[in-house]
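Me: I am new to this structure and would like to learn how to read its features. Please begin with the pairing of charged side chains.

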Amino acid sequence: MEREQEFFIAIANCSGRSNIGQMSAEISKKLDNALSYARISCLPAIFPQLKPAGKFEEADAIVVIDGCTESCVLKTIEKGGFKAALRIAPDDDYGVEKTPGIEYDEDVMNRIAEEVIEKVKALAQQVREKKRQQISAETA
C-alpha cells in the first residue's frame with residue numbers, strides 16, 4: 001500500500017442491487033485499501049448540501065465507479081457541482097453484462113479492480129504534478 005498523504009482522491013461508487021452495482025462497491029473497497037490517498041466518500045452527503053459534502057469539497061480529484069450505463073453516481077456528482085476526473089463502469093468499460101441480484105464473478109471483479117488501481121495511480125501522478133506546479137508558482 002502506498003503511504004503518501006500529500007493529496008486526497010475521493011471515490012464515489014454505486015452499490016445497487018445488480019452484479020455490477022455490487023462489483024463497483026467492491027472495486028471501490030479494493031481501491032481504498034490499496035492506495036492511502038484514495039478514500040471512499042459518502043455520496044448521499046452531497047444532498048441536501050450537507051457539510052462537508054462527503055469530503056468531496058476537499059478532494060484533489062474525484063473517481064466515480066458507476067454501476068452501469070445509467071451513470072447514477074456520475075450524475076449525482078455533477079448535480080452536486082463536482083466534476084469527476086475519472087469514471088469507470090464495469091459494463092461500459094469492461095463489457096460486463098448487468099444482471100439482477102448481488103452475485104458477481106469475483107475473478108472478473110479482481111481483474112477490473114487491478115486495472116482501476118493502475119488508472120488511479122496514473123491520475124495520482126497528474127495530481128502530484130499539478131500540486132508541484134502550484135507550489136512552484138506560489139513560491140516564484
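Reply: A salt bridge is a side-chain nitrogen of Lys or Arg within 4 Å of a carboxyl oxygen of Asp or Glu. Please note that this is a predicted model, in which local features need pLDDT of at least 70, side-chain atom pairs count only at pLDDT 80 or more, and totals for chains, interfaces and linings use all residues. Residues are numbered from 1 along each chain as its sequence is written, and side-chain values use heavy atoms, with hydrogens and water left out.

Me: How many salt bridges does the structure hold?

Reply: Side chains of opposite charge can pair when their charged atoms come close. The structure holds eight salt bridges. One of them joins the side chains of aspartate 60 and lysine 131, at 3.4 Å from N to O. This pair links distant parts of the chain, 71 residues apart: aspartate 60 is in the loop between strand E2 (38–40) and strand E3 (61–65), and lysine 131 is in helix H4 (residues 106–139). Helices (H or I, at least four residues) and strands (E, at least two) are DSSP runs, numbered from the N terminus.

Me: Which residue forms a salt bridge with arginine 87?

Reply: Arginine 87 pairs with aspartate 92, and their closest N and O atoms are 2.9 Å apart. Asp66, Arg87 and Asp92 are linked in a network of salt bridges.

Me: By how much of a helix are glutamate 115 and arginine 111 separated, and why?

Reply: They are separated by about one helical turn because they stand four residues apart in helix H4.

Me: Is serine 28 buried or exposed?

Reply: Buried means under 20% relative accessible area, exposed means over 50%, and partly exposed lies in between (1.4 Å probe, protein chains only). Serine 28 has a relative accessible area of 0%, so it is buried. This serine 28 lies in helix H1 (residues 19–34). Contact means heavy atoms within 4.5 Å; not counting residues up to four places away in sequence, serine 28 touches Ile11, Asn13, Ile40 and Ile65.

Me: Where is alanine 89 found?

Reply: Alanine 89 is in the loop between strand E4 (86–88) and helix H3 (90–94). With 0% relative accessibility, alanine 89 counts as buried. Apart from neighbours within four places in sequence, alanine 89 is in contact with Asp66, Cys68 and Tyr94.
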